[in-house]
Every structure is written in C-alpha cells, then in structure tokens.
Amino acid sequence: MSPADALRRYRGICPDWSGFAAALAHPQPVSLRTHPERINPAELINLLADAGLHASPVDWDAASIRLSPDASPGRHWGYFAGLFQVQEEAAQLPVRLLDPQPDERMLDLCAAPGNKTAQMALAMDNRGLVVANELQSARLPALRQLVRRLGLRNVLIHRGAGESLPGATGPYDGVLVDAPCSGEGTWRKYRRQRRGMARQVDENERDDLAARQMRLLDRAVGLCRAGGRIVYSTCTYAPEENEAVVDAILRRHGDDLSVEMASVEGFPVSEGVTEWAGQRFDPRLARALRVWPGITDTGGFFVAVLRRGGASGAATAGSGGAGAPDECRGWPAHPATDALLSRFDIDSAKLRGLETGPDGGRYLHYRVAGHHWPTRPSPDAFGLAAIGLQVKPVKPTTALALWLAPAATRNRVALDAAQTAAFLQRQPVPLDQAQAITPLDGPGFILVTHAGHGLGVARLNRQGQLESQFPKAWVTPTAGFPVAG
Ligand SMILES: C[S@@+](CC[C@H](N)C(=O)[O-])C[C@H]1O[C@@H](n2cnc3c(N)ncnc32)[C@H](O)[C@@H]1O
C-alpha cells in the first residue's frame, strides 16, 4: 500500500493533501544540530564541504543545518568527534518549546535514543540536570553513547517505566513526554514505506498506545512542580494518540493545567484538531501544533505545551548546585583528577562546578555538582565517564578527550586526514614527531585532535606509533569515510 493510501484517514484534517501525499513518496532531508561548545553552523558547513557534503543553514533555527536526503554525515569524523547530532527538524520542536534553562531540573520521560535529552542538556549549557528515563534496556546503549560523544555532564540516565517513576526523584521544572507512538510521521525515513510497503496501524495497537500515552502524560503532570511546564509530543498524525490523549489529561486535571500556544517563529505548522471521529476535544487543543511534511519537507509531528497552575518556584538543586557562589560549587577532587591535570596540563577551571561519582566503579564520572537523587531507584549512570580507574598511568576516556583534548597543553597530537581515518578504524597510526603540538612526555596515553577538535585517546608506544584507543563499539567499516550527498 502506498503511504498516502495507508494514511488516507487524515485527508479531512490535512491542510494540503496533495503536497502531503507527494512528500510521503520522497525521502526527507537530513538535519544536524551543532554542538554549541564545539562548533558553529558556518564552520560545520565548511568542514562538511571539505568531505563533499553540501549543507545549508536552516532559517528557523540558528543551530541547525540541512543536507540532502542521501547524505551520510554519520560516517564523517565530525560525527565521532561529537561536533553535531543528527536530528530531523520537526523532532527539534518539542525541546525548543519546552525551553529548558541552565540550572533547571528537567525530565525526559521517554528518552532513548536520546536526541531530545541531548538537545536539552546542551540548551542548558551542560548545567542543571536532565533526567533521561527509558523503559527498554536494549535502547540504553544508544543513549549512553550520545552522552559520551557529546560530553554531557548534566544527564542522569534511569531505566524504568515512566508511569512509575517515583515522586522522590522530582519535582521537575519541566517534563518532556516524547511518547512511544505509531510513528507514522517517520515514514519518509524508510524506503519500505516510501516504496509501497506501508500498512495501516491496527486499531487495537492504537488503543494500547493511547492508554500508555495517557498514563505517561498523567505521571508527567504529577512529577512537574507547580508553575512548571510539560511538553507532550509524538511523531504520528493520529488524533487518538495526540489531541485525544491531552484532552483526557485536561479533563482529569481540571483547572490545574493550562494549554500554551505552541508555535516557533519561521516554522510553518497547523493547529491541533478539536474534533475527530465524532468526538469533540477541549477547544484549547487548537493551541497545539501539527507538522505536515508537505509544507515543511520534514517528518510529521504533534506537540502540545501544558503548564501546571499554582505558585511557581524553581525545582532546582540544593547546596552546591544552581545559584551557589562559585567557591561553593563543586570540584571533582580525586587523585585521578590530579593525575589528569598534571599529565595533560589542562586548565583546571574547565572542571569547576563538577563533582565525582560514583564510588567503586570502573570509571570516575564527572557530573554537575549538588543535584539530589534519592538512594532508590538507583540510576543507570550519572554524568560523564571520564577516567578509567583500572589503568595506570591515567587513562582518559574518549568522552573526556572529545571534550577536553583541545584544552590540553601537554601530550597532545594533531592527526591529518589519513591518520584520522586510520584512528577511527582502530588501526596503528605512525607518528611524525612534528605532529606533536604540545610537549610529549614519552610513551603513555595521548590526546588526539583533528582540525582543532578532540578526536579521542591513543597510546604512544616505544616504537613511536600511536595505538588507537577509539572505542571498539563505535567502530564501523565506514567510520571516517562520508558519502557525498
Ligand atoms: C519516541 S521514542 C523517544 C525518542 C527520544 N525522545 C529521542 O528524541 O531520541 C519513545 C521511547 O519511549 C520508550 N518507552 C516506551 N514505553 C515507555 C514507558 N512506559 N516508560 C518510559 N519509556 C517508554 C521507548 O522504548 C522509546 O525509546
């Protein structure tokens, strides 16, 4: 069945049916969000151009750039260096509307693979706290990898059902419910659907999803502080999974919730529907937004922005956290921190506001200081795995190298393009001494960069070769070899 046939039930609510049907048959452009600590969009456009990838700025979002649908930026070295995340444009709207602020305490209730968690954490300047909750353990590795690749120190990962996340973990200034859904809005990404293998979503499946979505949104309301905001989003067109879910929650919570206007300047959307299949919804649902691919050349999305009533008051952390004077903020005191700073001569100011944890693990983690979390449930991870504790002398993780290598003034080496490709494939890299851009203390762990950006960790052996320590799990046969698009 063609995608337009499978979605014909939306004909009456789609503002531009023929444009919609045409868009569904074509792949959508690839979009990237730049890492604000590491690169700006103009620089990234130039780097990609060097690899034959043509990208252009995105009018409505200063941090994003757009590539053609057949581009493979995930093979580019800049992807592994954490210079950007791959995130389609419509999927960037929920966090943009949630508007997380530095030092706030935010919850991403359905977080994996973590793109919106990362968007939040970076919008918050790597400060405050983002709790990334995910039900499925099989989806956690992608979330953990994103935290490491982008160097996020303000993310706590928790595995569990969002609907039973304990109140003691909150309250939160803002909660995102990017709910599990039928995913019809993502079909443009998949060749199968575009080529006529689309199937209509089964009604029972839809009912199950709607029931789960209501439980999740209901819990989000309970975890959000008075005056805080809740964003509910899905990548589907079905009113049963969108307006009907929010309508049920508005009925349950009465006047405690208001619906805010969901719009983003420069991004054309249509309003939420207030009637579907003979059912009337709260008229305030017209303030929600719907994204139709025929208009935006993106995927499809739904976003509603809610605010809890009552006296406002930030839900942020205790003593050493938000708002604390600098001298009271954290410092990741640990012998491994001393060893790190002395081997690589990194400005210690880079670590201000961080603390270490947990005790007894394989890695010393650096994480934002002063944010409370109850003893139970225990988190999957909190902060950035920074230093391996079972290796002597000090061995920084790739995550730490991606973040801090550019700041190292000892034991750092710059790789050229061919060496970078070899490094990403974990092949030995012969070293020309002239490449050492800082003094080298002889054999041991070295931070490597390419084009001024952190790339990872290598071991300098006695033969003067660099042995790549690029994580085995990140290696792919095409890493470092982008295909032009
Ligand atoms: C739409 S995806 C989230 C995408 C993610 N926000 C992002 O931007 O990368 C929904 C996620 O919710 C998870 N999920 C499903 N049921 C859940 C539940 N009851 N509690 C928490 N997460 C759940 C799914 O495993 C899936 O990873």
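Predicted model: local features only at pLDDT ≥ 70, side-chain atom pairs only at ≥ 80, totals over all residues.
View 1. Cys235 sits in the loop that runs between strand E9 (224-234) and helix H10 (243-253). Because 24 C-beta neighbours lie inside 10 Å, Cys235 counts as buried. Leaving out residues up to four places away in sequence, Cys235 touches Ala91, Cys181, Gly183, Gly185, Thr186, Gly299, Gly300 and Phe301.

**View 2. The shell around the ligand.** The ligand is surrounded by 20 residues. Cys110, Asn115, Leu135, Gly162 and Asp178 are the closest of these. Helix H6 (115-123), strand E6 (129-134) and helix H9 (203-223) are the elements that each give two or more residues to the shell. By type, the shell holds nine nonpolar, five polar and six charged residues.

View 3. An unreviewed UniProt entry places the feature "domain: SAM-dependent MTase RsmB/NOP-type" at residues 20-309.

View 4. Helix H3 covers residues 41-50, and its buried residues are Pro41, Leu44, Ile45, Leu47 and Leu48. Viewed down the axis of H3, these buried residues fall within an arc of 165°, so they line one face of the helix. An α-helix has 3.6 residues a turn, so residues three or four places apart point the same way. Ala42, Asn46, Ala49 and Asp50 lie on the other side of H3 and are exposed.

**View 5. What lies over the buried residues of H3, and what follows the helix.** The cover over the buried residues of H3 includes strand E1 (30-34), strand E2 (55-58) and strand E3 (61-67). Helix H4 (77-80) and strand E4 (84-86) are also included in this cover. After H3 comes Gly52, which has a positive phi, near 80°.

**View 6. The largest nonpolar core.** This core has 139 residues. Val175, Val177, Ala220 and Val303 have the most contacts inside it. H9 gives the most to this core, with eight residues. With neighbours within four places in sequence set aside, Val303 is in contact with Leu93, Pro94, Leu97, Val231, Ser233, Ala262, Ala288 and Leu289.

Notes: Residues numbered from 1 in each chain as written. Near = placed C-beta within 6 Å. Helix = DSSP H or I, 4+ residues; strand = E, 2+ residues; numbered from the N terminus. Nonpolar A, V, L, I, M, F, W, Y, C, P; charged D, E, K, R; others polar. Buried ≥ 20, exposed ≤ 12 C-beta atoms within 10 Å, placed from the backbone. Contact = placed C-beta atoms within 7 Å. UniProt positions renumbered as here; feature names shortened; annotations may be inferred. Arc of directions from axis to C-beta. Core = buried A, V, L, I, M, F, W, Y, C linked by C-beta atoms within 7 Å.
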